[in-house]
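Okay, thanks for coming, everyone. Have a look at what's on the screen, and then I'll walk you through it.

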Amino acid sequence: MSALGYQLGAVDCDIHVAPAAYSDLLPYLSDYWRQYISEAAVRLTGVGHAYPPGAPVTATAQARERGWATPPSTYEQLAERYLDEAQPGHVVLNCLAGFDTHRNPYFSAAVAGALNDWVRETFLRRDDRLRASLSVSPVSPDDATAEIERVGDDPGFVQVLLPVRSDLPWGHKNNHAMFAAARERSLQVALHAWGRAGRSLTPSGFTTTYLEDYLANQPIAQAQMLSFVSEGVFERFPDLRVMVTECGFAWLPTLLWRFDKDWKGVWREVPWVKDLPSEYVGRHFCLTTAPAHLPPEDTGRAQLLEMLGGPAMLVYASDFPHDHGDSVAPLLDQLSAEDRAGVLQNTAAAFYGLDAVRTYTSP
Amino acid sequence: MKLIDCDVHAQATEPMLAEHLGPWARAQLERYGRRTPRTTDWYPRARNGGMRVDAWPDKPGHIWGSDPELLREQLLDEYDVDYAILEVLSGQDCYDHPDFAREWNHAINEWQAETWLGFDSRLRGTIAVAHEYPDLAVKEIEERADDPRFVAVLLPASAAEPLGAPKYWPIYRAATECGRPVVVHTGGYVDHRGAGYPSFYLDYHVGNGIVTQGQLTSMVAGGLFEEVPGVRVVLTESGVAWVAALRWSLDAAWELMRADHPRLTRPPSHYLDEHVWFTTQPIEEPEDPSHLVYAIDQAHLRDKLLFATDYPHWDFDSPTQALPRVIDKELRRKILCENAADLYGFPRERPEPAATAGVQAS
Amino acid sequence: MRVVVAPVSEFPPGERRIVQAGSRSIGVFRVGDRFYGIRNRCPHQGGPLCRGHLLDDAVADAPGRPRVSENPLRIACPWHGWEYDLETGQSFMGARQAGVRSYGVAVQAGGPLLAEIEAAQTGEGELRPGPYVAETFDVRVQDDYVVLEV
């Protein structure tokens, strides 16, 4: 481990980068959208409500002291603030700036495209350890599919980035063309915490505290997981896998107990779900380890591992620069060397086919 | 004491409730019916119509759960129940005009009192309230407070605002002031806005176990348990195994964000220990039953679990079959009756056999 | 023990009778010209199995393409819906897998998703057994009477 708690040499599956402002994206946008951004005074909120500059989760105290509270917007910043310290084997960059709340599907598509071009130019071509999630419009499946078709062959992209909050659950049939396009290009899917604000994020009205919003990512991720299985996504796309990112994982075993039990009663409603839901989830999902939210003692942690059926679905992430105030290290300490290597490197490498990905070269 | 069933559904037909409505509300019902869309229409219950097929009474005008005699036969006598607590859900999704909501919930309680609570001394009721109109809800609670056969106040697990919101505090306060716990039961107007509306009853049903996580978070974060120090909440029909992971998350989040929550003087897990109970049905069934015991112990639930059958719903838990063998004798007794006896103030010992004519309202 | 259930002429196809045979309650079903006997007690949690619905097999060729097949009927427990083969008493979970599983790997980009391979659907595919087996009994027609052998 590094001085700041990074697992050295790991495949780190959730690192954040973001443009500092729309000015960073203007080179990748048409004249029309540049004018729109200016005239409409569009703010690059991205996930401002998710990581407000002063919020505890946004960055560690040390990072804040050094003026590093926002995600890096240049390669030099990424190197200085994270790569040099963590020395990862590979990194998956997540840029959440496309999670915005505006409803204009055409703008949303244009921004997603600009973000992907910006990420390629700014990061992927600079360092062959870097991989990235591919941004798509969260409000237009057609445009999302088109964007995957446009840049999905770039070996730097490993997965399609979806916000965990959505208008319709992601497993819905309206999204299946997007999954087809992803699989054709050997891309997986990431469900990342946060996403569209503007609607309440619980089934019971608007929350009023950040703590509720923060923790709501977990029940929402659970609902999305149900959808992928019940809508038969994995029957249609047997090679598709989903990385649940920054939504926790300790909730998984007990959800699957319920999901399996209920399926046993009402499978007739979804007869294409032929296997136990837990079997689909075990084959197709992985979850990142930040936040960890572990049991407070070793016994509980050992039990959690037992309930999970082992660490095979867990994939290490530092979630730089975010700070959840905890660490997965106590759980890793309980693992054999082989299992540890699984969580830190091998599971992610297999998930993303990292050995098969050519070293990045400029487009 | 052997068995206290903490979630039983007496179900009225509209004509049965209409009998207890005033003329204006009755006319509204006849003209427009119930205006709120029912989740049973969005998500038809894909197995057995959502109910035990054998629980349909052989009496004209009756439906599942409307006939006290059948309920007595199939539940109270069949399983030798000491007490059964009725939750009548007809008002949970009531988003009608407040005047109608008030009368509708009042009618639910009148129907309980007249049809059920006098019928068998083992039956107890829960006070249905117009929850979106707390002033009206408080009035209804105060009206029923002197009838000891009503043992709790009933809220739905989904409402217009999260259940920890200050809007609803008067309801918790009124319940606590008259010594009643608040039963928060799955259902209500479930507006799936986090991930969007699922397509299937399967997702909706599993979702019942997910929705309550947010509600518990709201109650903790909003400071309900400091605001109403004696409040007792019974999370009902949400399952139990998920609680531990939420406890860990709540405590971790609070560590990080304590400064945002000056009302909270203790960690969230402390408030759960002091204020929150859970009914067992639908009890989760891990492949390794000892994992269920892990989940119970990790969440400190030994004194907090209350057995429930959920009669007459299709996923009813049989009192003789539903608890896995791995649950030790002492824990089994707590779950089946002792925890509920302590919560509701029932005597720990079964009273001498009496006539089954019901307890009178005082 | 033999229990005379009813004259055949009074037991048309599609009907069922629940009879007491000693301490056991047993459901007798007529499907076409065949009779089945199965214990009126679901091994899962003890529900009155024979009061449940008789259901055709459900199959799905693909997500969103459900159908019912003509395989033998199943009795579904009126409580939690555990389904049992009337003849063998074996419980099943999940739909019958279609004769050949088709995977949508030949999807054209942007083309209709439902260009999945439609293999000849024989409906003869596998069912996944469940953990419960209900007790079954022989039912015969003797001298124009339906007779249950316990």
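So, to start: how many residues does the contact take from chain A, and how many from chain B? The contact takes 60 residues from chain A and 56 from chain B, where two residues are in contact if their C-beta atoms, placed from the backbone, lie within 7 Å. On the side of chain A that touches chain B, the elements giving two or more residues are α7 (210–230), α9 (252–266) and α11 (298–308) of chain A. The one that gives the most there is α7(A), with 15 residues. By class, that side of chain A has 28 nonpolar, 21 polar and eleven charged residues. For the classes, Ala, Val, Leu, Ile, Met, Phe, Trp, Tyr, Cys and Pro count as nonpolar, Asp, Glu, Lys and Arg as charged, and the others, Gly among them, as polar.

Some housekeeping before I go on. This is a predicted model, where local features need pLDDT of at least 70 and side-chain atom pairs count only at pLDDT 80 or more, while totals for chains, interfaces and linings use all residues. Residues are numbered from 1 along each chain as its sequence is written, and chains are lettered from A and ligands numbered from 1 in the order in which they are written. When I say helix (H or I, at least four residues) or strand (E, at least two), I'm talking about DSSP runs, numbered from the N terminus.

Okay, back to α7(A). What does it pack against, and at what angle? Its partner is helix α8 (residues 201–221) of chain B, at an angle of about 175° and with the axes 10 Å apart. Those axes are lines fitted to C-alpha atoms, for helices over the stretch in contact, and angles run from 0 to 180 degrees between N-to-C directions. So α7(A) and α8(B) are roughly antiparallel to each other; angles over 145 degrees count as that, under 35 as roughly parallel, 65 to 115 as roughly perpendicular and the rest as oblique. Among the residues making this contact are A:L211, A:L215 and A:L226 of α7(A), and B:V206, B:I210 and B:T217 of α8(B). By class, the contact has ten nonpolar, eight polar and two charged residues.

Now a helix pair inside chain A. Helix α5 (residues 141–151) and helix α6 (residues 176–184) of chain A pack at about 5°, with their axes 8 Å apart. That makes α5(A) roughly parallel to α6(A). The residues in that contact include A:A144 and A:I148 from α5(A), and A:M178 and A:A181 from α6(A). Here the classes come out as seven nonpolar, one polar and one charged.

Let me zoom out to chain A as a whole. You've got 13 helices and eight strands. The C-alpha atoms fill a box of roughly 55 × 50 × 45 Å along the principal axes. Of its 363 residues, 60% are buried, which takes 20 or more other C-beta atoms within 10 Å of a residue's own; 12 or fewer is exposed, in between is partly exposed, and the C-beta atoms are placed from the backbone. For contacts in chain A with a separation of 6 or more, 83% are between residues 24 or more positions apart. And look at α4(A): 13 of its 18 residues are buried, so this helix is largely enclosed by the rest of the structure.

Chain C is another story. Which elements does it have? Zero helices and 14 strands. Of its 150 residues, 37% count as buried. It puts 18 residues in contact with 20 residues of chain A. Strand β6 (residues 58–62) of chain C gives the largest share of that side, four residues. That side divides into twelve nonpolar, six polar and no charged residues.

Beyond its neighbours within four places in sequence, B:A107 is in contact with B:L17, B:H20 and B:L21. Then there's B:L256, in helix α10 (residues 243–257) of chain B. B:L256 is partly exposed, with 19 other C-beta atoms within 10 Å. Leaving out neighbours within four places in sequence, B:L256 is in contact with A:P56, A:V57, A:H324 and A:G325. Okay, over to you.
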